[in-house]
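The following report describes a structure from its computed features. The sequence and the coordinates are displayed first.

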Amino acid sequence: MPDLGPHAAFIWAAYAVTFIAVLALIVFIVQDDRRQRQLLAELERQGIRRRSAKPDDTPKPRQAKPRAGKQKP
Amino acid sequence: MWNLANPTRFLELADRLIPWLAALTFLLLGVGLYLSFFVAPPDYQQGETVKIMFVHVPSAWLGMFGYTLIAIASIGSLIWRHPLADVAAKTAAPIGATFCFLALVTGSLWGKPMWGTYWVWDARLTSMLVLFLLYLGLIALWQSIEEPGRAGRAAAILAIVGFVNVPIIKFSVYWWNTLHQPASIFRVGGPTIDPSLLTPLFVMAAGFTLLFFLLHLIAMRAEILRRRVNALRQVHVERAASA
């Protein structure tokens, strides 16, 4: 770690606040995006669709990719 | 260009752009942090506290840029009544507010060791605080009016009127005698900062700017989907009532 001199606490505090605020903003926006995708997919599953929607027009909720490696038979 | 104003085309473009933009953003921020902490020398007057500038200056730029974007989108929303303009304005507000907040807090953390105080009521700091309050007002307005069209129109008027504050922030250091230093980067005669400090600052600013666009794209996509969900629910309720 670099030596940040006598005012290191102020420098670390500035970067820590920036990191926390940006991370919170990213989490908030990405979670909201995922939630809206899920809600729309749920409505489409119930057969409630836009009149202009093509059959494959619905944004799919993102799912975790299956891990590579041994799989249960 | 007008094709992009179609929400469905916009969603397709956003889906393709977001992964690339995310990769480029985090690459630039990684390089920027490396340059800031391991390459940039201490300033001859500020010492190592100059490192705070690498997050403070981009945050302040984006705080003002976000509001400018909202004001331009609000004009599009009021004149052409285009839903994407309204979506762009609404979703830029929390992102701009966060960067504005960061500019205030990091500036304050720089001010204590350099000026001897966290805060002074000088024109630059006060006008930046007013910008933050305007952001909060816009967010509150969008949250408090249920009908999106009415909320959008009310917020657009506030955004356009409040835009008068942006040039005040920019020129406050020239119009009044402020503790905040005048512009040292974008000024007639070129920057007064040494290239060894200017390079990390520009890399961090590029990373922060891409982060703004990345988050704005994702937030716009979520807002378009939210409006579709609400519209579908309403249609469903109406169909159920008439059946």
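**Basis**

Two residues are in contact if their C-beta atoms, placed from the backbone, lie within 7 Å. The model is predicted: local features need pLDDT of at least 70, side-chain atom pairs count only at pLDDT 80 or more, and totals for chains, interfaces and linings use all residues. Residues are numbered from 1 along each chain as its sequence is written, while chains are lettered from A and ligands numbered from 1 in the order in which they are written.

**Chain B**

Chain B contains seven helices and zero strands; helices (H or I, at least four residues) and strands (E, at least two) are DSSP runs, numbered from the N terminus. Its C-alpha atoms fill a box of roughly 75 × 40 × 30 Å along the principal axes. Of its 243 residues, 37% count as buried, that is, with 20 or more other C-beta atoms within 10 Å of their own.

Among contacts in chain B between residues at least 6 apart in sequence, 78% join residues at least 24 apart.

**Nonpolar core**

A nonpolar core is a set of buried Ala, Val, Leu, Ile, Met, Phe, Trp, Tyr and Cys residues joined through C-beta atoms within 7 Å. The largest one has 63 residues, and Leu138(B) is among those with the most contacts inside it. The largest share of this core, 18 residues, is supplied by α7(B).

Beyond its neighbours within four places in sequence, Leu138(B) touches Ile70(B), Ala93(B), Ala155(B), Leu158(B) and Ala159(B).

**Interface**

Chain A gives 26 residues to the contact and chain B gives 29 residues.

How values were computed
Buried ≥ 20, exposed ≤ 12 C-beta atoms within 10 Å, placed from the backbone.
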